[in-house]
Amino acid sequence: MPVAAGFLPELRRALPRLAEGLLVTVEATVLGAALALVLAYVLGLLSRSARLPVRGGARLVVEFFRGTSLYVQLFWLFFALPMVGFRLEPLACAVLALGLNYGAYGAEVVRGAVAAVPRAQTEAGIALGMGAGLRLRRVVLPQAHALMVAPFKNLLVQLLKATPLLSLVTVPDLTFQIDQLRSSTGATAASYLLLLGLYFGMAVVLSLLMNALERAAKARLGQEGGA
Amino acid sequence: MWDGEAARAALPAVLEGFGVTVLATVPAFAVAMLLGLVLALVQRAGPGWLALPVRGAAAFVRTTPLLVQLFAAWVLVPALDAPVLGVLVLGTHYATYLSEVYRTGIDAVPKGQWEACTALSLPRRRVWRAVVLPQAVRNVLPPLGNYAVSMFKETPLLSVITVHEMVHEANTFGSTHFAYLESFTLAAAVFLLASWPTSVLVRRLEARLAV
């Protein structure tokens, strides 16, 4: 392809900017995932509360953020929120949208995993005179953790895959930088293939990390599949 | 702050965009269901040399961002109209998820069913069509429903390739009337109203089909 002739030298010159973009993408992924994890635990545990208002409130929040689509949420935070008087940095909008949306999905994972821990485990805790907090911390959650890792891995990859959206709200992320490279070189196929390859690589790294985490969680419980 | 007048004016545009969103989701999901089944069958029943490359390609499409795939297809295949291209890319992306769903559904068909077919010496094609696939499809209906809902929620992405769906309309209205708050809040509300009942329905179906 004649258009792509200047691609490699141009790519070499663009490397520092690509590295910056990659850093922004990783930052958004990590911060978004951290917020999502916190929300997943809070909302997931609250939605198992015995008190109806607490449970109902948590369910409402979860259904709201699951039901309104990440794209609408992100654009709402970016375009509509300033009209009510709050202006957030574009990156903050992105992290908030990713965290709220995937936190809501994660809450279902936490709820399901806690529900899947056999009831006899809780009963044994009660028989030993453990309080509710101690039971949750020492008996139920460690077992639930091993069940949560695999679905969390899927969500994390989904979250990573949603980060190119950042470029739509003016964040100079990896997608934005590679798009610049594309328009300066005209090498459309090579640029996008590079971008897809980089995302694939990041997803593989995340998967490997999460697999190690799952093995560790299972090993702590002495379960099959643990290291 | 909230302007009721602007919200009333934005509603027709948002609803029109919603119609486009729904119209795009339906054929895209049809593409995903068919192509997903083909991918699953190639991996389960196709020639051995084809299974691995197909599996790798599907994994690549599944783990890379839909937005980038849309952009890439948009610039690389200029011959296709935006809505057609969007439907094809969205359908292909989800097909790679659905093929995994079909695969688990096929694996869940009891081994005795295959053995019975062997005992009756049914031809292979008949085994798939009359015995395995009907049971597999019944197994996978609830997860298919979940993917339909999540595809519906990803359809707004088509706005980046100038398909005039709901987010596109909300954005256009917001910028021309300086009423982003009203237009995007309405878009969110319409989405919630549409996707909540659907997920409740899917959960009911799941509960009924569970053994």
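This is a predicted model: local features need pLDDT of at least 70, side-chain atom pairs count only at pLDDT 80 or more; totals for chains, interfaces and linings use all residues.
Residues are numbered from 1 along each chain as its sequence is written, chains are lettered from A and ligands numbered from 1 in the order in which they are written, and side-chain values use heavy atoms, with hydrogens and water left out.

Let's begin with chain A. It has eight helices and zero strands (helices are DSSP runs of H or I with at least four residues, strands are runs of E with at least two, and both are numbered from the N terminus). Read from the N terminus on, chain A goes α-α-α-α-α-α-α-α. Its C-alpha atoms fill a box of roughly 75 × 50 × 20 Å along the principal axes.

Now pick out H6(A) and H8(A). They pack at an angle of about 175°, with their axes 9 Å apart (axes are lines fitted to C-alpha atoms, for helices over the stretch in contact, and angles run from 0 to 180 degrees between N-to-C directions). That angle is why H6(A) and H8(A) are roughly antiparallel to each other (the label for angles over 145 degrees; under 35 is roughly parallel, 65 to 115 roughly perpendicular, and the rest oblique). Among the residues in this contact are A:Phe152 and A:Leu156 of H6(A), along with A:Met202 and A:Leu206 of H8(A) (contact means heavy atoms within 4.5 Å). By class, the contact has 16 nonpolar, three polar and three charged residues (Ala, Val, Leu, Ile, Met, Phe, Trp, Tyr, Cys and Pro count as nonpolar, Asp, Glu, Lys and Arg as charged, and the others, Gly among them, as polar).

While you're in chain A, look at helix H2. Side chains of opposite charge can pair when their charged atoms come close. Here A:Arg59 forms a salt bridge with A:Glu63, and their closest N and O atoms are 3.0 Å apart (a salt bridge is a side-chain nitrogen of Lys or Arg within 4 Å of a carboxyl oxygen of Asp or Glu). Because A:Arg59 and A:Glu63 are four residues apart in H2 of chain A, about one helical turn separates them. Over all chains, the whole structure has twelve salt bridges.

On to chain B, with its eight helices and zero strands. Its C-alpha atoms fill a box of roughly 70 × 45 × 20 Å along the principal axes. Helix H6 (residues 124-154) and helix H8 (residues 180-209) of chain B pack at about 170°, their axes 9 Å apart, and H6(B) and H8(B) are therefore roughly antiparallel. Their contact includes B:Leu141 and B:Phe152 from H6(B) and B:Phe191 and B:Val202 from H8(B). By class, it has nine nonpolar, five polar and three charged residues.

So how do the chains meet?
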